[in-house]
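Here is a short report for a reader new to this structure. Look it over first, then follow the tour from pocket to helices.

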Amino acid sequence: MVALKIQTSLFPITIISAYSSPAQDVHTTLQEIQEIISSLPEEKIIIGADLNGHNTLWGYRSNDNRGKDILNLNLANNLNIINKPDALPTFQRNSSVGWPDLTLCSQSLIDSSINWEVLEEISLSDHRYIETTIASTVANQFYKRYKTRHGNHLRFLNILGKEIYHLERKIKAARNSGELNNATIELQTLIINACNKSFKIKKQLFITKPNWWTTEQLEIHKKKVRALRRRAQRAPEIERQARYQVFKKEKYKRH
């Protein structure tokens with residue numbers, strides 16, 4: 001189970017990735033998902049999950065108990081199934097096909113333009129790639145970093161010292177979480193203002209090269225990995241283990 005939060009230009013979105021093996025009790029995974037959802041009552045959420053449940057709503061010809069339990073989670077949390085019932089199978093191994101991979105979103109995201117598609121291009125597993133696009137601009141956030149190693153510490157302390165006694169009393173007198181939060185925000189603002197008046201700002205180096213695989217790079221890498229796998233399969237027994245190690249290292253290479 002992995003969950004991360006991204007900040008768009010309009011609102012934050014929490015993205016949850018989950019997996020439940022066919023041999024595992026799906027309730028364990030569903031409970032973990034429920035705990036995350038419950039902790040973020042006002043948050044916009046997208047869930048990508050391989051839960052191995054069957055339901056006609058996401059492509060199967062029949063329903064099973066796992067599929068019913070997954071559907072109950074959706075109904076209890078007002079989640080929407082983005083999958084299309086007539087989509088390509090998300091799983092294929094030899095002649096066996098299935099639709100175990102689900103994409104769900106909170107009701108508040110339905111007003112956004114969401115495009116969901118199972119891609120035909122070859123992946124490096126028996127699951128197909130699924131592309132989900134939301135019409136929203138991601139805002140990059142940059143935070144100031146200060147040059148604190150070279151002097152002006154006394155100036156910083158003098159600026160901070162003028163207000164710190166007042167803030168200390170305010171924190172001690174806080175009677176609830178709201179008052180404590182306000183005092184904390186005031187302290188953060190005071191520290192930032194003192195830094196702005198005391199220290200120079202570090203230059204930030206912007207990396208122009210993307211830190212993800214482009215379509216062209218990914219296609220080249222796939223061809224290389226497939227070639228290494230073929231060589232490992234055809235290699236003499238004495239060399240096979242070493243060649244498989246080279247294949248695995250390249251297969252899981254990070255960009």
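This is a predicted model. Start with its largest pocket. Its lining counts 22 residues. Ile15, Ile46, Gly48, Ile130 and Thr132 lie nearest the centre of the largest pocket. The volume of the largest pocket is about 610 Å³.

Which strands each supply at least two residues of that lining? They are E1 (2–7), E2 (12–19), E3 (44–50), E7 (101–106) and E9 (130–134). E2 gives the most, with 6 residues. By type, the lining of the largest pocket divides into 14 nonpolar, 6 polar and 2 charged residues.

Next come the helix pairs. Two packed helices are described by the angle between their axes and the distance between the axes. The table sets out two such pairs.

| Helix pair | Angle between axes | Distance between axes |
|---|---|---|
| H1 and H2 | about 10 degrees | 11 Å |
| H3 and H4 | about 175 degrees | 9 Å |

Take H1 and H2 (residues 65–77) first. They pack at an angle of about 10 degrees. Angles under 35 degrees count as roughly parallel, so H1 is roughly parallel to H2. On the H1 side, the contact is made by Val26, His27, Leu30, Ile33, Gln34 and Ile37. H2 brings Arg66, Asp69, Ile70, Leu73 and Asn77. The residues of this contact between H1 and H2 divide into 6 nonpolar, 3 polar and 2 charged.

Now turn to H3 (residues 153–172) and H4 (residues 177–198). Their packing angle is about 175 degrees. Angles over 145 degrees count as roughly antiparallel, and H3 and H4 are therefore roughly antiparallel to each other. H3 contributes Arg155, Phe156, Ile159, Leu160, Glu163, Ile164, His166, Leu167, Lys170 and Ile171 to the contact. From H4 come Leu180, Ala183, Glu186, Leu187, Leu190, Ile191, Ala194, Cys195, Lys197 and Ser198. The residues of the contact of H3 with H4 divide into 13 nonpolar, 2 polar and 5 charged.

Charge pairs complete the tour. Side chains of opposite charge can pair when their charged atoms come close. How many salt bridges does the structure hold? It holds 9 salt bridges. One of them joins Lys5 and Glu43. The closest N and O atoms of Lys5 and Glu43 are 3.4 Å apart. Lys5 lies in strand E1, and Glu43 lies in the loop between helix H1 (26–39) and E3, so the pair ties together parts that are 38 residues apart in sequence.

Terms used: Residues numbered from 1 in each chain as written. Predicted model: local features only at pLDDT ≥ 70, side-chain atom pairs only at ≥ 80, totals over all residues. Heavy atoms only, no water. Axes fitted to C-alpha atoms, helices over the stretch in contact; angles between N-to-C directions. Helix = DSSP H or I, 4+ residues; strand = E, 2+ residues; numbered from the N terminus. Parallel < 35°, antiparallel > 145°, perpendicular 65-115°, else oblique. Contact = heavy atoms within 4.5 Å. Nonpolar A, V, L, I, M, F, W, Y, C, P; charged D, E, K, R; others polar. 1 Å grid on protein atoms, 1.4 Å probe; cavity = no way out; pocket = protein on both sides within 12 Å on 5 of 7 lines; lining within 4 Å. Points joined across faces, edges and corners; volume = space filled by probe spheres on them. Salt bridge = Lys/Arg side-chain N within 4 Å of Asp/Glu carboxyl O.
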